[in-house]
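Biologist: Hi! I'm new to this one, could you walk me through it?

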Amino acid sequence: NWAGMSAELRFNGQARITIPDTMTGSYTWIVVIRTSAAAVDGDTLDFTLESGLVEVSGDTGPGADVIVPTITIDANAPSGWTALTPVGWQGDQRPTASIDVQDLRSGLDVDSGRYAFSTNGGGQWSSWAAATVAGANGTQALETVTATAIPFDSDGPDTEILVRFEISDMLGHTAVSSDYGIGIDTVAPDPTKTLAPIGWVNIQRPDVTIEVQENTSGMDEASS
């Protein structure tokens, strides 16, 4: 009997059905809450009471309330990619890279972290591989996604050696990061160029010069 019943909805709070009379036993009401328009994060929503499921067991007592589970709108994927490491040139062709990301609604699915990489400036990408994610499922904190020992197996500038990350929230919304460059140089400068002077000299403190070539990260002149 729906006579005398009332319903109240609080956005991001609770849907409340008020029962005016004492109820004994087990009862089921069908209650669905439907928005009048497409719902997105941050919208003010108008709701229509239409169908759903609420179960009441036992003696609720006069004017008792039946609480419908909290309704939360999560329309967006994780965001806020920040704090990429490493930064600058690396001397390892299989570096570990990490980045922070966050989801403020349903929270991160920490088992969904993945990464992919390219060694030709994004012309071709590897398959997605598993990355580790800090925190527990549903975390809304800023968490770190880590790709361990990325197998670039190649030297190159940060315009060529790229990595991207992917993660989902608990509702399955998936976010893919921007492409991040990591410069890799594992080859030392080549000193086998022109040496001067050559042969015998007639002074005990001659000036000696040599040409050195560095083709990737460039020369650190302060180290010479």
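Modeller: Happy to; we'll go from the whole chain to a few residues.

Modeller: One thing to keep in mind is that this is a predicted model.

Biologist: Thanks! How many helices and strands are there in the chain?

Modeller: The chain has 0 helices and 18 strands.

Biologist: And what share of the residues count as buried?

Modeller: Of the 224 residues, 30% count as buried. The chain exposes about 13,300 Å², and carbon and sulfur atoms supply 49% of that.

Biologist: What about contacts between residues at least 6 apart in sequence, how many join residues at least 24 apart?

Modeller: That would be 63% of them.

Biologist: Let's pick a strand. Is strand 10 mostly covered or uncovered?

Modeller: Strand 10, residues 108-118, is mostly covered, with 8 of its 11 residues buried.

Biologist: Which way do strand 10 and strand 14 run, parallel or antiparallel?

Modeller: They run antiparallel, and 7 bridges join strand 10 to strand 14, which spans residues 162-169. In that pairing, F117 stands opposite V163.

Biologist: How many bridges join strand 10 to strand 11?

Modeller: There are 2 bridges there, again with an antiparallel run, and strand 11 covers residues 129-130. R114 is the residue standing opposite A130 in strand 11.

Biologist: Back to F117. Is F117 buried or exposed?

Modeller: F117 is buried, and F152 is buried too. The structure holds 1 aromatic pair. F117 and F152 form an edge-to-face pair because their ring planes are at 75°, with the ring centres 5.4 Å apart.

Biologist: Nice. Where do the two partners of that pair sit in the chain?

Modeller: In distant parts: F117 is in strand 10, while F152 is in the loop between strand 13 and strand 14, 35 residues apart.

Biologist: What does T148 touch, leaving out residues up to four places away in sequence?

Modeller: T148 touches T96 and Y115. The C-alpha atoms of T148 and T96 are separated by 4.4 Å, although the two residues are 52 apart along the chain.

Biologist: Last topic, charges. What sits over the ring of W125?

Modeller: That's the charged end of R164, 3.6 Å from the centre of the W125 ring.

Notes. Residues numbered from 1 in each chain as written. Predicted model: local features only at pLDDT ≥ 70, side-chain atom pairs only at ≥ 80, totals over all residues. Heavy atoms only, no water. Buried < 20%, exposed > 50% of the residue type's maximum accessible area, 1.4 Å probe, protein only. Helix = DSSP H or I, 4+ residues; strand = E, 2+ residues; numbered from the N terminus. Pairing = 2+ DSSP bridges. Contact = heavy atoms within 4.5 Å. Areas by Shrake-Rupley, 256 points an atom, 1.4 Å probe, with all protein chains shown as cover. Phe/Tyr/Trp six-rings, centres within 6.5 Å; stacked < 30°, edge-to-face > 60°. Lys NZ or Arg CZ within 6 Å of the ring centre and 35° of its normal.
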